[in-house]
Amino acid sequence: RYTRLTDDSVLTIATADAILNGKEYAEVYREWGRKYPNAGYGARFSDWLRSDSMTAYGSYGNGSAMRVSPVGFAYNSLEDVLREAERSAEVTHDHPEGVKGAQCVAAAIFLARTGAGKQEIKEYSEKRFCYDLSKSLDEIRPNYGFDETCQGSVPQAIRAFLESSSWEDAVRKGISLGGDSDTIGCIVGGIAQAYYKGISRPVSEETLKKVSNDFLPIIREFNSRFNVV
């Protein structure tokens, strides 16, 4: 029925579920993670899933950034977005870099969907989060390798968005860097969806055919409630 899901998809759905139904983030991450235990989680997150402890483990991995996009779509002020992004991150990724990565991605989505231009998003990300977005993708690509950290994934994903001409182009550019490409694609895809006001219908329709049936009610309700296109 569906291709093998990645942790990006599972935990993004979990974030949307938490927002829609007023659940605690730790609760939904554990619920969905245990339901799909073979989605390619990082080692420390996998240990957290199996544990009975809800204690965060000081991670600055890009997992906090890959799952945060629903926050950027659901809240109506930048302050609320930043606060909620922190809440979603800190249940596992409570290192300052882990929180920062989630906040930056959620803020970029909020700014994009509320009419900010690329230059404004770039300047905000640089000033508020101290990310270096000066290097082009062509400069980054030759020396870029697999990097699961927020600081090694979020700026690169934003740069892919900045150089893009459409949603599909943004995702392709992000993936072209290599490295942790599914997570970079997930991050840039959320920002580009907000900026370009949607995903092309053929891509959207084909994707919905491939995801788990468990995801569909969450996707439809979230998109309807928050007017996500």
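**Helix H12 and its neighbours.** I looked up what the buried residues of H12 pack against, and found helices H1 (7–21), H4 (63–66), H5 (69–74), H7 (96–113), H10 (154–162) and H11 (167–176). Contact here means heavy atoms within 4.5 Å. Helices are DSSP runs (H or I, at least four residues), numbered from the N terminus. Buried means under 20% relative accessible area, exposed over 50% and partly exposed in between, with a 1.4 Å probe and protein chains only. The buried set in H12 includes Thr183, Ile184, Gly185, Ile187 and Val188.

A note on the source: this is a predicted model, where local features need pLDDT of at least 70, side-chain atom pairs count only at pLDDT 80 or more, and totals for chains, interfaces and linings use all residues. Residues are numbered from 1 along each chain as its sequence is written, and side-chain values use heavy atoms, with hydrogens and water left out.

**Positive phi.** Most residues other than glycine have a negative phi, so I listed exceptions. Cysteine 130 has one of about 60 degrees and sits in the loop between helix H8 (118–129) and helix H9 (137–140). Because its relative accessibility is 62%, cysteine 130 counts as exposed. Asparagine 227, with a positive phi of about 55 degrees, is in the segment after helix H14 (215–225).

**Largest pocket.** I read off a volume of about 1500 Å³. On a 1 Å grid over the protein atoms alone, a pocket is an open set of points where a 1.4 Å probe fits, with protein on both sides within 12 Å along at least five of seven lines; lining residues have an atom within 4 Å of a point. A volume is the space filled by probe spheres set on the points, which are joined across faces, edges and corners. Of the 42 lining residues, Ser9, Trp167, Ile199, Thr207 and Val211 lie nearest the centre. Helix H13 (201–210) is among the elements that give two or more residues, and H13 gives the most, 8 residues.

**Second largest pocket.** I found about 450 Å³ of space here. Its 26 lining residues come closest to the centre at Gly42, Gly61, Asn62, Gly63 and Glu148. H12 turns up again, as one of the elements giving two or more residues to this lining.
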